[in-house]
Amino acid sequence: MSTAAAAPRTGVVLADLLPAHRARARDLALVVGGAVLTGVAAQLSVPVPGSPVPVTGQTFAALLIGVSLGAGRGFLSLALYALLGMAGVPWFSEGASGAGFPTLGYVLGMLVAATVVGALARRGGDRSVVRTAGTMVLGSAIIYAVGVPYLAVSAGISLSAAVSVGLVPFLLGDALKAALAMGALPAAWKLAGRRG
C-alpha cells in the first residue's frame, strides 16, 4: 500500500518533479538546457564510411529530452536547437550549421520525435523497461521516417540507397541507446518515488 502511494502519478514527467516555485524560469532553463545538451551531444560524432550520416549522441539526447521534459518543453527545446542551428550556430553534427545539408531531415525528425516521446512519457511510457523500450523505438522510427526520405531527396539518391546509408548502419547503435534508456529512465522513476 505504501509503495502505490509513493509511486509518481501518470501525467507527470521527470522535469515536473523539479521545484516549481518559479515555473516559468524553470521551464525556460530546461528548454535552453535541452537545446544546448543536444548541440553538445551532436559533437560526439563518428563518421560512417560510405554514409553522409555520422553516428552521434544527438538522437539519444533528443529522445531523452523529450521523455524528461514532456511534449511541450521537448518540442520547444528541439525547435530552439533546430532554429539556432539553421540560423548559423555551429552545433549540428560535426559543427555544421545552416539548412543546406542532407542530414537536416534527421534534426527535423528529432523535433517530432521529442514531442511524441514526451507525450508518451506523460502517459507512463518511461516508467518500466518494456514501456521505455517501446517509447525509444518509436522515437527512433520517427527520426528515420523524416530523416531518410529527406536524405534521399537532398542527396539525389533512391529511397533504398538512403535506407542503406542512412538507416541500416545505425540500427545496432540505436538498440544500445534504447538499452541505456531502458535501464536509466525506470531507475530514475524508482529513485524519484523513494524521495517522494
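Modeller: A residue counts as buried when its relative accessible area is under 20%. This is a predicted model. With that cut-off, look at helix α3, residues 58-69. The buried ones are Q58, T59, F60, A61, A62, L63, I65, G66, V67 and L69.

Now its length. From first C-alpha to last, α3 reaches 16 Å. That is close to the 16 Å expected at 1.5 Å a residue. After α3 comes G70, with a positive phi near 95°.

Next, the neighbours. Two packed helices are described by the angle between their axes and the distance between the axes.

Start with helix α2, residues 23-42. The axes of α2 and α3 come within 8 Å and cross at roughly 160°. Angles over 145 degrees count as roughly antiparallel, so α2 is roughly antiparallel to α3. The crossing is right-handed. From α2, the residues in contact are L30, G34, L37, T38, A41 and A42. From α3, they are Q58, A61, A62, I65 and L69. This contact has eight nonpolar, three polar and no charged residues.

Then comes helix α6, residues 129-155. Its axis and that of α3 come within 11 Å and cross at roughly 125°. The two helices are therefore oblique to each other. Their crossing is right-handed. Here α3 uses T59, F60, L63 and V67. They meet T135, M136, G139, S140 and I143 of α6. By class, the contact of α3 with α6 has five nonpolar, four polar and no charged residues.

Conventions:
Residues are numbered from 1 along each chain as its sequence is written. This is a predicted model: local features need pLDDT of at least 70, side-chain atom pairs count only at pLDDT 80 or more; totals for chains, interfaces and linings use all residues. Side-chain values use heavy atoms; hydrogens and water are left out. Axes are lines fitted to C-alpha atoms, for helices over the stretch in contact, and angles run from 0 to 180 degrees between N-to-C directions. Helices (H or I, at least four residues) and strands (E, at least two) are DSSP runs, numbered from the N terminus. Angles under 35 degrees count as roughly parallel, over 145 as roughly antiparallel, 65 to 115 as roughly perpendicular and the rest as oblique. A crossing is left-handed if the near helix is turned anticlockwise from the far one by less than a right angle, and right-handed if clockwise. Contact means heavy atoms within 4.5 Å. Ala, Val, Leu, Ile, Met, Phe, Trp, Tyr, Cys and Pro count as nonpolar, Asp, Glu, Lys and Arg as charged, and the others, Gly among them, as polar. The expected span of a helix is 1.5 Å times one less than its number of residues. Buried means under 20% relative accessible area, exposed over 50%, partly exposed in between (1.4 Å probe, protein chains only).
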